[in-house]
Amino acid sequence: MSYPNAVSLQVSDGTEMQAYTARPLTTGPTPGIILLQEAFGVNHHIRSVADRLAEEGYVVVAPELFHRTAAPGTEISYSDFGSAAPHYQAINPQGLTADLQAAHAWLQEQPNVVTDRIGSIGFCLGGRVSFLANAVLPLAAAVSYYGGGTHLLKDRAPELHAPHLFFWGGQDKHITPEQVAEVVQALDAAGKPYINTVISYADHGFHCDERPSYNREAAQEAWALTMSFFNEKLRSPEF
């Protein structure tokens, strides 16, 4: 399946990756954002987030991280993690790094994108991948929403290029406080700038209005802080 605004990106390992893109209506210099999917594909929710970011004035690319094992445009139901598991288990930091580099290169090729004002944002699986993106790309800002498994990448903390904003749900049974602490301690040890936000009344997936765990209040509060963070880190007075 393909969707409007899709582009095909060539990845350094010889694979081809589809990505959803969104652009602001305004012209002129624009920051860029790499948007990183949950474990369920570049689905309607992720595309809607891309469109929201474009409305805020960002050029957005959302790469399909499962492209090596899933057909282009694959979307998996939130109630069917079993179907997502084989694709989730097949990804690795090496392949993801190549995917991130391809998405970053696409943004840099866009004539209106300011090449040193590129950020990343990801949800769930994408939250972990956004942390990796900050380590392997020269980003200006990165955001992770409830990135399960981020603690497994804690040794990459010294490599982070940009300030990182984290959101966690205090009611999240998938990510333990101990795992969050591992991430924070690694960042402190590396002397890296970050903002760590735990929303005590939110569950895993609280930002997604297509999941049962959606929490409107938490989603609105986190989005407002995200937009403030990106505005501070990715924009300059002239745009």
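Reader: Which residues of α4 are buried?
Author: Leu125, Gly126, Gly127, Arg128, Val129, Ser130, Phe131, Leu132, Ala133, Asn134 and Ala135. Buried means under 20% relative accessible area, exposed over 50%, and partly exposed in between, with a 1.4 Å probe and protein chains only. This is a predicted model, where local features need pLDDT of at least 70, side-chain atom pairs count only at pLDDT 80 or more, and totals for chains, interfaces and linings use all residues. Residues are numbered from 1 along each chain as its sequence is written, and side-chain values use heavy atoms, leaving out hydrogens and water.

Reader: Why is α4 largely enclosed by the rest of the structure?
Author: Because 11 of its 12 residues are buried. Helices are DSSP runs of H or I with at least four residues, strands are E runs of at least two, and both are numbered from the N terminus.

Reader: Now His67. Where is it found?
Author: In the loop between β4 (59–63) and α2 (81–90).

Reader: Buried or exposed?
Author: His67 has 12% relative accessibility, so it counts as buried.

Reader: What does the His67 side chain have polar atoms close to, on the backbone side?
Author: The backbone oxygen of Glu16, 3.3 Å from a polar atom of that side chain. A polar contact is a pair of N or O atoms within 3.5 Å; within protein, one must be able to donate a hydrogen and the other to accept it, and residues adjacent in sequence count only if both atoms are side-chain atoms.

Reader: Which side chain does His67 join in a polar contact of 3.2 Å?
Author: That of Arg68.
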